[in-house]
Amino acid sequence: MGIRTIRELGDSCLTKVCKPVKNMNHRMEVLIEDMFDTMHEAEGVGLAAPQVGVLRRIFVIDVGTEDEPQEYVFINPEILESEGAQTDFEGCLSVPGKSGTVTRAEKVKVKALNADFEEFELEAEGLLARAIQHENDHLDGIVYTSRVEGKLYTNEELAELLKKQEEQKQEEEAEADKE
C-alpha cells in the first residue's frame, strides 16, 4: 500500500512504551500492509509500529526469502517463555548502517493476536526468536543499542571484522589438518 518513514535513533517515538491495540479496524489493516511494504523496501527482517511513528503494540516479521516469504504479524505480543542464549550481530532499520553484538534467548514462546485479531502461540528459535525479541523491545521503548555488548560497528567495519574472523578460522583449520 505505502512506504512509511522509518524513525531513527534520537526520535522520541523509539523510547516510549506503546499502548495495546484494542480492536482491528481499517486503519490497523492499512498499518500492517504499510509496515510490511516499508520493511521489505528497507530490506529488513522486522519492523515495529513505533519505528513508523505509531505507538501501538504491533510488529511484523519476515524471515523468509523474496521467493518464499515467511511473514508474521504480532499484535499485543507477550513473551511467555525463553530458553538458552544466542550471541550474534544485530542491526536495526532505526539505526541504519550500524551493527553490534547482542545476546538474546535462543528460543522463545510468544502469545499474540494475528492480523485477523485471533490469538495464537508460537514457539520460535534462531533468527525468528531473535527478531521477536528485538521487535518486542521496540514496543517497550528499548532500542537494541542499549543491549550491545562492546562496540557498535559500521557496516564496513563489520564486513572487515567478519572477513578477518573467516581468514583466522581457515588458518586454524589448515593448521589442524597438518597435525
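Modeller: Let us begin with a term: a salt bridge is a side-chain nitrogen of Lys or Arg within 4 Å of a carboxyl oxygen of Asp or Glu. The model is predicted, so local features need pLDDT of at least 70 and side-chain atom pairs count only at pLDDT 80 or more, while totals for chains, interfaces and linings use all residues. Residues are numbered from 1 along each chain as its sequence is written, and side-chain values use heavy atoms, with hydrogens and water left out.

Colleague: How many salt bridges does this rule give?

Modeller: Side chains of opposite charge can pair when their charged atoms come close. Applied to this chain, the rule gives a count of ten.

Colleague: How far apart are the closest N and O atoms of Arg-7 and Asp-11?

Modeller: Arg-7 has a relative accessible area of 28% and is partly exposed; Asp-11, at 22%, is also partly exposed. Here buried means under 20% relative accessible area, exposed over 50%, and partly exposed in between (1.4 Å probe, protein chains only). The two residues form a salt bridge, and their closest N and O atoms are separated by 3.2 Å.

Colleague: Which strands hold Lys-111 and Glu-78?

Modeller: Lys-111 forms a salt bridge with Glu-78, with 3.8 Å between the closest N and O atoms. Helices (H or I, at least four residues) and strands (E, at least two) are DSSP runs, numbered from the N terminus. The pair ties together parts that are 33 residues apart in sequence, because Lys-111 lies in strand β6 (residues 107–113) and Glu-78 in strand β3.

Colleague: Are Glu-90 and Arg-104 buried or exposed?

Modeller: Their side chains meet in a salt bridge of 2.8 Å, N to O. Glu-90 belongs to strand β4 (residues 86–91) and Arg-104 to strand β5 (residues 98–104), so the pair links distant parts of the chain, 14 residues apart. Salt bridges with shared partners join Glu-90 and Arg-104 with Arg-130, Asp-137 and Arg-147 in one network. Both Glu-90 and Arg-104 are buried.

Colleague: Which residue in β6 is the bridge partner of Ile-79?

Modeller: Strands β3 and β6 run antiparallel and are joined by six bridges. In β6, the partner of Ile-79 is Val-110.

Colleague: With which residues is Glu-83 in contact, leaving aside its neighbours within four places in sequence?

Modeller: Glu-83 lies in strand β3 (residues 71–83). The C-alpha atoms of Glu-83 and Val-108 are separated by 6.4 Å, although these residues are 25 apart along the chain. With those neighbours left aside, the contacts of Glu-83 are Ala-105, Glu-106 and Lys-107.

Colleague: What percentage of the residues in the chain is buried?

Modeller: The chain has three helices and eight strands, and its C-alpha atoms fill a box of roughly 65 × 30 × 30 Å, taken along the principal axes. Of the 179 residues, the buried ones make up 41%.

Technical notes: Contact means heavy atoms within 4.5 Å. Two strands pair if DSSP finds at least two bridges between them.
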